[in-house]
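Please consult the sequence and the model shown below while reading.

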Amino acid sequence: PGFRTINTYVHLIPCLAHLSKTMKLHPPSMMMMIESAMMKVPHHKTQCYGFTFFVFLTLLNYCQGDVTALNTGNFLNITSGKTVFVKFFAPWCGHCQAMAPAWQELANEYKGNESILIAEVDCTESESTELCTKEGANGFPTIKYGDPDELQNYEGDRDYASLMNFAAELKPPCLPNRLTFCNEVQVAAIEKYLSMSKEDLDFAIMAANSKLEEIEQDYSNEQSRLKKLVDEAGDKSILKQIEIADEQLMGVIRGFVAKKLAEESEGEESDGEEGEGDESEDEETEDGEDPVEEEEEEEYSEGSEDPEGVEEEEEEEE
């Protein structure tokens, strides 16, 4: 029964794909609708239906195709003459994964468009590193739009409706065969060059290339000069820090030495006072007088006239 059911639903895949295209639903939206419907299906039929719809969504996603992938090597060729709406992403980025279905659906809507290109750049690939660095794609996803030579940041929402509305307002680039999309200044420049002979155009191109090389050389020289100044400033800063650290260290050492000298001087003074006390005691002993005996004699003189009388009085009291 399971295989018969699968065979039945496989024949419905083209119809469901057309329904998805008409209703503008990408696979995750279809999956949510399917899961909601399957909640009402008996459990013993759920496995079969689930497998069938898994096959359907896989085929549907495969039929929809991939978004045009850009890198450093093919960027100029693919974007030439088009207004681009490009996403810079990393596969591990959660926000990039969340908006991937909407971006895929947007790319499908503009597939084959001669003026507007919906594309993406995987910044984790080595052939895209230079392009991501040039466009300043430091965070993911980074979405840009406009002229390939002068892309601007997209700051809107990332759901399909917002992306689709924004893409609908993008204008094709100004080209000699599309003067309707050019402003007055651009029209005047195009008409000027179209009126020039081939020799004059070649000379103008050579002059422009020479000027461009001169500008690039000036930029390189200025960049080297600034780098040298930064390096010198960094070296001076380090030397200044070393001098400050040396001064602080010498201050600590000087304070420690002064403290030790003060302690030593206090110790010598206390030793001198003790020495003077010893000398005075020695002088008293040299005179033949015992300070302990003198104190006892003073106590006798103050207490009673005769110690023997005191002993007799004590015996009478006992």
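Which residues in α6 meet which residues in α8? M99, A102, W103, E105, L106 and E109 in α6 meet Y160, L163, M164 and A167 in α8, where contact means heavy atoms within 4.5 Å. Helices are DSSP runs of H or I with at least four residues, strands are runs of E with at least two, and both are numbered from the N terminus. The model is predicted: local features need pLDDT of at least 70 and side-chain atom pairs count only at pLDDT 80 or more, whereas totals for chains, interfaces and linings use all residues. Residues are numbered from 1 along each chain as its sequence is written, and side-chain values use heavy atoms, with hydrogens and water left out.

**The helix pair**

The axes of α6 (residues 94-109) and α8 (residues 160-168) come within 9 Å and cross at roughly 35 degrees. Axes are lines fitted to C-alpha atoms, for helices over the stretch in contact, and angles run from 0 to 180 degrees between N-to-C directions. The residues of this contact divide into eight nonpolar, no polar and two charged. Here Ala, Val, Leu, Ile, Met, Phe, Trp, Tyr, Cys and Pro count as nonpolar, Asp, Glu, Lys and Arg as charged, and the others, Gly among them, as polar.

Five strands form an open sheet in the order β1-β3-β2-β4-β5, with mixed pairing. Two strands pair if DSSP finds at least two bridges between them.

| Strands | Sense | Bridges |
|---|---|---|
| β1 and β3 | parallel | two bridges |
| β2 and β4 | antiparallel | five bridges |
| β4 and β5 | antiparallel | four bridges |

Individual bridge partners include T68 with A119 in β3 and K87 with I143 in β4. A hairpin joins β4 to β5 through two residues. Five of the six residues of β4 are buried, so this strand is largely enclosed by the rest of the structure.

Notes:
Buried < 20%, exposed > 50% of the residue type's maximum accessible area, 1.4 Å probe, protein only.
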